[in-house]
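Please prepare a briefing on the structure shown below, grouped by topic.

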Amino acid sequence: MVTYDLFPQPAVPVSHAPERLGEDALVLRAFVTDPQSMLDCIEAMAAISPWRHMQTPGGYEMSVAMTNCGCYGWVSDRKGYRYATEDPLTDRPWPAMPTSFLTLAHDAAQAAGFSDFVPDACLINRYAQGAKMGLHQDKDEEDMRQPIVSVSLGLPAIFLFGGLKRSDKTQRVLLQHGDIVVWGGEDRLRYHGILPLKAGMHATTGEYRFNLTFRKAVEA
Ligand code: MD3
Ligand code: FE
């Protein structure tokens, strides 16, 4: 079907076709249909498992604030990185993964060509002005054949997408409110990071950027 927009907005062209970053890495622009309800869920989760700046094994405090939902939560401290069933701050299980989150992650993975993705972990990152994430690989999960689904909400950020070696050249990709990126297959172990967040004000998230990464931490 062809539709005609009576009020075209020529200012910023937004592509809704999936953008391929690699053989098995795809950006789904504005894929999130109800960002407000996701943010409401995040707020409710942070009331149970509060935002915290985790320690790296090297003793530094991460600039990104984090919490988790789902059966497993990603944690970092002086002892290392791992998945844990209990929140070390509360000694209680992490808040459950909402069905709407599961469905969104599943549908995004499906749209990128990965069928049957059922995450058991969701790491929720909150970036304030200046917060960043250095180049790293996600390799704390048991089954590297499972993809990772990443949802961006709020202020835009520049994502760095590298290769399989830390020293490989990186591409820059602007991730905006509602964008989803799916990583699997040969791109699953690529180095990646986020440049320091620029100050700004977003209509739904204020001065923050949120990122949710859906993972399958434990093999079925
Ligand atoms: C590429 N988060 O939490 S999401 C992380 O925006 C993380 O907060 C970033 O990296 C953020 O670990 C980037 C995009 C992403 C997630 C996982 C990947 C890219 C990936 C796994 C492999 C390759
Ligand atoms: Fe990562």
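**Ligand contacts and the metal site**

N211 places a polar side-chain atom 3.2 Å from an oxygen atom of ligand 1, where a polar contact is a pair of N or O atoms within 3.5 Å and, within protein, one atom must be able to donate a hydrogen and the other to accept it, with residues adjacent in sequence counting only if both atoms are side-chain atoms. Taken alone, ligand 1 exposes 500 Å², of which the protein buries 98% (accessible areas by the Shrake-Rupley method with a 1.4 Å probe, where for residues only the protein chains shown count as cover). This is a predicted model, in which local features need pLDDT of at least 70 and side-chain atom pairs count only at pLDDT 80 or more, while totals for chains, interfaces and linings use all residues. Residues are numbered from 1 along each chain as its sequence is written, chains are lettered from A and ligands numbered from 1 in the order in which they are written, and side-chain values use heavy atoms, with hydrogens and water left out.

**Around ligand 1**

- A polar side-chain atom of R209 lies 2.9 Å from an oxygen atom of ligand 1, and one of R215 lies 3.0 Å from an oxygen atom of this ligand.
- Strand β15 (209-215) is among the elements that each supply at least two residues of the shell around ligand 1, and β15 gives the most, with 4 residues (strands are DSSP runs of E, at least two residues, and helices runs of H or I, at least four, numbered from the N terminus).

**Iron site**

- The iron ion (ligand 2) is coordinated by H136 (NE2), D138 (OD) and H192 (NE2), at 2.0 to 2.2 Å; donors are N, O and S atoms within 2.8 Å of the metal (3.2 Å for Na, K and Ca), and water is not among the atoms, so sites may look incomplete.
- Along the chain these donors follow the spacing H-x1-D-x53-H, and D138, in the loop between β9 (133-136) and β10 (148-154), is 54 residues apart from H192 in strand β14 (residues 192-194).
- D138 and H192 are both buried (under 20% relative accessible area; exposed is over 50% and partly exposed in between, with a 1.4 Å probe and protein chains only).

**Loop residues**

- D143 is in the loop between β9 and β10, is buried at a relative accessible area of 9%, and its side chain reaches the backbone nitrogen of R145 at 2.9 Å.
- A30, which is not a glycine, has a positive phi of about 50° and lies in the loop between β2 (25-28) and α1 (35-48).
- D91 has a positive phi near 55° and counts as exposed at 63% relative accessibility.
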